[in-house]
Amino acid sequence: MLLERQAQLEQLDGLLARAARGHGHVAALLGEAGSGKTALVEAFIASACEGARVLRSACEDLSIPDPLGPLFDLARDAQWPMPRALDARQGQRLPLFSDALDVFDTRAGATLLVIEDLHWADDATLDFVRFLGRRIANTHILLLLTARTDRSEGQMRVRRALGEIPSASVVRIDIPLLSEAAVLSLAHAAGRDGGAIYRASAGNAFFVTELLSAGSETALPASVRDAVVARAERLSPGARAMLDAVSVFPRRADAWALTGLCGISAAGQLAECVSNGLLDDLGDAYAFRHEIARRAVEAMLTSSHKREFNQRALSAMLERGDVATARLVHHAVEAHNWQAVRAFAPVAAREASGVGAHRDAAGYCEVALRQADSLPAGERAALYEQYAFECHLIGRVEDAIGAQEQARLLHHAMGDALKEGDSLRCLSRFAYLMGDRQAADLYGARAVALLETVPAGPELAMAYSNLSQLAMLAERLDETLSLGVRAIELAEDLDRQDIVCHALNNVGAAEQWLDLDGGKLHLARSLEIALAMNFQEHAARAFTNSACGGMNQLDYPLAKSFLDRGIDYCVENDLATWRDYMRGVRAQLLLRHGQWDEAATEAVEVLAGNQATALVRYPALVALSRLRVRRGDPSAEPLLAEMKRFLEKGTELQRLLPYAAVVAEQAWLGEADMAEALRLIGLAEGMSPTRAGFAELAGWRHMLAPGIDPGDTSGMADPYRMLLAGDWQGAADAWADLNAPYERGLALARGDEPAQRAALEIFEALGARPVANRLRDIMRRSGVIRIARGPRSTTRANSAGLTRRQMEVLQLIERGLSNKRIAEHLAISPKTVDHHVSAVLGKLEAGSRGQATAAARDSGLI
């Protein structure tokens, strides 16, 4: 009997009915371990899924997840030969996921896809969930997920994955603990003391079940573990040994594996375990009724018995011959069979990387490297290189540098100049990602010098392209083009399209200042090659440089298109580094468009990540520091300090330009030293290869020191050029056409009294209080009277700058109300609530509703 779950069942019934009509959804059942998520899934399938196609899978608690394991299970149920499909797609995930969508969405009726225990999912499976969730709205699919609500890393990754699916396509269904009334009802039917059971279990459904099954002893077991062990102790010795053997198999133990493990007598012992309610008979396999019970039994094993059972499981699987490599590695590690670990972990790493599960690939490499001392030096070096590559893709660049240096030392000891040179080139790239420009230049030059001593090959071509990239990032345009052409010519002779793609990206990014059309053409060709040949990092880089080119040229629709496409691509391919970099650039674009709260939310989410490198953080730092300066938020200073530290490791113009602009803006507001601002502007001017890239700083210098000659403005974008020529109205109109209200306000502030009053309204609407006050001072000194006051006192008094309505929304967020409930409570539209919630998160610098309420409590707002 399933108590207190009728509302959840009705909600699932409704979602399945909508899926049958072609309106698919993702439904996430969320609750603590033992809350009854699986029981609810079983009840839903039994009661509501007649006529629907049901495909089931689950993630396993392996030491390192099995890449795409749940998708293989779903494919098996659908009789879709996924291994063949994977080979046909050459490991490319997006085409594979598209094939899966076609298989699952038959349009002949509803399909229920179940993935249980998503908190144990590998990255590739989470990417599949994101992929399907972004496309599910117009399908006949209900994707039913279960996940725990603890604060584990796995649960946080689930939360991020669900957050990257359109909100209209996701329904989160909480599975609460049983009430005292429900526990009393169950206990009464069993003739037990319901009050004692409720006090012991706190309403955890699985624990309640175990306590009710524990017998009629006066003393209740103190934990689920004690309850499970008490039941296990009632088994015969043979059945207890069988239960111990099953406990080393995460999720389920196949019948053939148990026969190999325990011999032909297994059937009777398994039957006893089933009859005592400890195992479920799945037909071709056996499983504990809950993972909590499995872990309780496994924890009772001695170390020697645990190793023995895992070794026998491994032997049975090797004899079978068609078992996923991830499972072999799991049992090999648990059995301390290091020879098997050395054999299978590198294979598992390559398989995980092949489907884009880079975090899991890095995990397998770590496992292999712990046992790599006995491997030949060449194999160890290759393993370190693979580990370095996977780590850099997931943002663990410090680990990547350490591993790549180990590989370089091994290559040097073996006298392999070719591979040592290639390692130096990789170290150059990783150092740059860490924000160490000086080390990047040094490693890059050493790589070319060493590789030019051996016959030219792809390693040298890539080293040339790396130097070309470094030159491009330093705005050394001629050097970028000459090195890029050398790399392209050598790579084309070698038929290495990946290197051609990389070098074209450098050339195109540099040409934006010299030949805009040619630069766009080269970047487009680079992106085309990368997408066609699945060069994922090159594609992400092409999206990024194309978007940044659009930003530099004030072509905001182009920039937005590349950012949206690029971020989606990185999300679906688990490219966290490039995703977060582009999110920072998108925050700058949102800031330019006057969407300040949305910009703050985007930037804060990037900066709140604990793995983003200094380079990846920089665009988000630019956006958030500018926003905080304009809002008068003193917490801008730590951000500017971080930007300054980044520049100390190597001053690049593209990093110096925004830093100098923020300092200049502070100086104009009277909050920074004007001489230092002018010094930075002069430094940037001396580094700028063209006048076009210096345009914004030229404008700030003119505002700080109007008497300084702006110099040649012919190559600058129209709004900058017009403002420097004194045409403030033309500049304001140009910024209005570009949907850049703050910049429009700055242009109007240079005009007559009506223009200044219009600028004041813009700044007040944006929440740019210090800028508005600065303009009031300018207007008063000019003799303007009856100047509008600032925001109402209630908003000024609020330390976070929240309006009265935003405070009401914050208080309702703190009470746990959803956006829909908030809309009903305040009698406003859900879309308006979305905007208010975004504003609250931005002003409180919070990445989630929970962080917002915590920040509000800490600051005394609530």
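Which strands does helix 12 (residues 237-246) lie across? Helix 12 lies across strand 6, strand 7 and strand 8, running at about 85 degrees to strand 8. Before we go further, please keep in mind that this is a predicted model, in which local features need pLDDT of at least 70 and side-chain atom pairs count only at pLDDT 80 or more, while totals for chains, interfaces and linings use all residues. Residues are numbered from 1 along each chain as its sequence is written, and side-chain values use heavy atoms, with hydrogens and water left out.

Helices (H or I, at least four residues) and strands (E, at least two) are DSSP runs, numbered from the N terminus. Axes are lines fitted to C-alpha atoms, for helices over the stretch in contact, and angles run from 0 to 180 degrees between N-to-C directions.

Three strands form an open sheet in the order 6-8-7, with antiparallel pairing; two strands pair if DSSP finds at least two bridges between them. Strand 6 (253-254) and strand 7 (279-281) are the edge strands, each pairing on one side only. Strand 7 and strand 8 (residues 285-288) are joined in the antiparallel sense over three bridges, and Asp-280 has Ala-287 in strand 8 as its bridge partner.

Strand 5 pairs with strand 1 (residues 25-31) in the parallel sense over five bridges, and Ala-27 stands opposite Val-171 in strand 5.

Next, find helix 10 (residues 205-212). Six of its eight residues are buried (under 20% relative accessible area, with exposed over 50% and partly exposed in between, for a 1.4 Å probe and protein chains only), so helix 10 is largely enclosed by the rest of the structure. Those buried residues are Ala-205, Phe-206, Phe-207, Val-208, Glu-210 and Leu-211. What covers them includes helix 8 (180-190), helix 9 (194-201), helix 11 and helix 15 (291-299).

Of these neighbours, helix 11 (residues 224-232) deserves a look: its axis and that of helix 10 come within 9 Å and cross at roughly 35 degrees. On the helix 10 side, Phe-206, Phe-207 and Glu-210 meet Val-224, Ala-227, Val-228 and Arg-231 of helix 11, where contact means heavy atoms within 4.5 Å. The residues of this contact divide into five nonpolar, no polar and two charged.

Finally, look at Arg-89, in the loop between helix 4 (82-88) and helix 5 (93-104). At 34% relative accessibility, Arg-89 counts as partly exposed. Leaving aside residues up to four places away in sequence, Arg-89 touches Pro-95, Leu-96 and Asp-99. The C-alpha atoms of Arg-89 and Ala-43, 46 residues apart along the chain, are separated by 37 Å.

Key: Nonpolar A, V, L, I, M, F, W, Y, C, P; charged D, E, K, R; others polar.
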